[in-house]
Amino acid sequence: GITEPIGNGYTRVSVNNNTTSFPTTTTSQKNNGVTITFPSSTGSWGEIVDFFISDSLVGGNILCYGTLAIPKNVTSGDILSFAIGNLTITLE
């Protein structure tokens with residue numbers, strides 16, 4: 001049930017799947033090793049409550065997903081980003 005923003009400058013962001021971008025934290029966790037920054041919004045994206053990682057910039061397959069600890073209401077001119085170490089993926 002993840003809803004992806006449409007329009008207003010939203011686009012998926014490409015991040016290389018390597019040990020620089022996602023260094024191993026533990027055997028079951030990875031954190032982002034680089035800042036992940038989306039383009040500046042040109043209008044409202046609504047409230048962002050979830051994230052996902054896909055294998056494509058358009059369409060593709062969702063590889064993993066999760067809920068943000070603190071939802072973010074993205075309005076015009078906002079820049080959504082995940083600082084280094086702030087996106088944790090736990091493999092179960």
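Me: Which element supplies the largest share of the lining of the second largest pocket?
Reply: In this predicted model, the second largest pocket has a volume of about 250 Å³. Of the 14 residues lining that pocket, Leu68, Ile70, Ser81, Phe82 and Asn86 are the closest to its centre. Two or more lining residues come from each of S5 and strand S6 (81–82). The largest share, five residues, comes from S5.

Me: What kind of model is this?
Reply: Residues are numbered from 1 along each chain as its sequence is written, and side-chain values use heavy atoms, with hydrogens and water left out. Local features need pLDDT of at least 70, side-chain atom pairs count only at pLDDT 80 or more, and totals for chains, interfaces and linings use all residues, since this is a predicted model.

Me: How many strands does the chain have?
Reply: Helices (H or I, at least four residues) and strands (E, at least two) are DSSP runs, numbered from the N terminus. Read along the sequence, the pattern is β-β-β-β-β-β-β. The chain has zero helices, and its strands number seven.

Me: What is the radius of gyration of the chain?
Reply: The C-alpha atoms fill a box of roughly 40 × 25 × 20 Å along the principal axes. The radius of gyration is taken over C-alpha atoms, and the globule rule is 2.2 Å times the number of residues to the power 0.38. For 92 residues, a compact globule would have a value near 12 Å; this agrees with the value for the chain, 13 Å.

Me: Which element gives the most residues to the lining of the largest pocket?
Reply: A pocket is an open set of points on a 1 Å grid over the protein atoms alone, where a 1.4 Å probe fits, with protein on both sides within 12 Å along at least five of seven lines; lining residues have an atom within 4 Å of a point. The largest pocket holds about 890 Å³ of space, and Val13, Phe51, Phe52, Ile53 and Ser54 lie nearest its centre among 35 lining residues. Strand S4 (46–54) and strand S5 (62–74) each supply at least two residues of this lining. With eight residues, the most is given by S4.

Me: Which residue has its backbone oxygen 3.0 Å from a polar atom of the side chain of serine 21?
Reply: Serine 21 lies in the segment before strand S1 (24–26) and counts as buried because its relative accessibility is 7%. Not counting residues up to four places away in sequence, serine 21 touches Val15, Asn16, Asn31, Asn32, Gly33 and Val34. The backbone oxygen at 3.0 Å from a polar atom of its side chain belongs to asparagine 16.

How values were computed
Buried means under 20% relative accessible area, exposed over 50%, partly exposed in between (1.4 Å probe, protein chains only). A polar contact is a pair of N or O atoms within 3.5 Å; within protein, one must be able to donate a hydrogen and the other to accept it, and residues adjacent in sequence count only if both atoms are side-chain atoms. Contact means heavy atoms within 4.5 Å. Grid points are joined across faces, edges and corners, and a volume is the space filled by probe spheres set on the points.
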